[in-house]
Amino acid sequence: SMPCRILEILALDGSSVKLGDPLLTMESMKTEIRLTAKADGIVKLHVAEGDICAEGKVLCEIVGVEEA
C-alpha cells in the first residue's frame, strides 16, 4: 500500500462546506490529489499538513450541523 502525504489543508476544522468545496490536497506517488466535499455540512479534520497517512485512514468527515 502507498502512503500519502497531506500537502495543504483547504477547509478549516469546524467550518461549513458545500458539495464540491475543496477540503485538502494530498500527494501519493508524486501525484497531487484534491479531496472535495461529497455533501454539504461541517468539516471534521483527522489530519494536519505534513502528515503521512496509511492507505485506508479517514482523513476528514463531513457531518450534519446537528452532529457538529
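Me: How far is the sulfur of C53 from the closest cysteine sulfur?
Reply: The closest cysteine sulfur to that of C53 sits in C4, and the gap is too far for a bond. Keep in mind that this is a predicted model, where local features need pLDDT of at least 70, side-chain atom pairs count only at pLDDT 80 or more, and totals for chains, interfaces and linings use all residues. Residues are numbered from 1 along each chain as its sequence is written, and side-chain values use heavy atoms, leaving out hydrogens and water. So, for C53, the distance is 4.7 Å.

Me: How many disulfides does that leave?
Reply: A disulfide here is a pair of cysteine sulfur atoms within 2.5 Å. Seen from C4, the closest cysteine sulfur is the one in C53, 4.7 Å away, so it's too far for a bond. By this rule the count is zero.

Me: Is C53 buried or exposed?
Reply: The cut-offs are relative accessible areas: buried is under 20%, exposed is over 50%, and partly exposed is in between (1.4 Å probe, protein chains only). C4 comes out at 13%, so it's buried. C53 has 2%, so this one is also buried.

Me: Which residue stands opposite C4 in β6?
Reply: Strands (E, at least two residues) and helices (H or I, at least four) are DSSP runs numbered from the N terminus. Two strands pair if DSSP finds at least two bridges between them, and β1 and β6 have two, in the antiparallel sense. Across from C4 you'll find C53.

Me: In what order do the four strands of the open sheet come?
Reply: β1 joins β3 through four antiparallel bridges, with R5 opposite E27. β4 and β6 stand at the edges with a single partner strand each, so one side of each has no neighbour in the sheet. In general, strands pair through backbone hydrogen bonds, either parallel or antiparallel. Here the pairing is antiparallel, in the order β4-β3-β1-β6.

Me: Which residue in the turn between β3 and β4 has a positive phi?
Reply: β3 and β4 (residues 31-36) pair over six antiparallel bridges, and S28 has T31 as its bridge partner. The two strands make a hairpin with two residues between them. The one with a positive phi, about 50°, is M29.

Me: How many of the seven residues of β3 are buried?
Reply: S28 belongs to this strand, and its relative accessible area of 15% is why we call it buried. β3 is largely enclosed by the rest of the structure, because its count of buried residues is six of the seven.

Me: Where does L59 lie?
Reply: At 11% relative accessible area, L59 is buried, which is why it doesn't count as exposed. Contact means heavy atoms within 4.5 Å, and, leaving aside neighbours within four places in sequence, L59 has contacts including I6, L24 and C53. You'll find L59 in the loop between β6 (52-53) and β7 (60-63).
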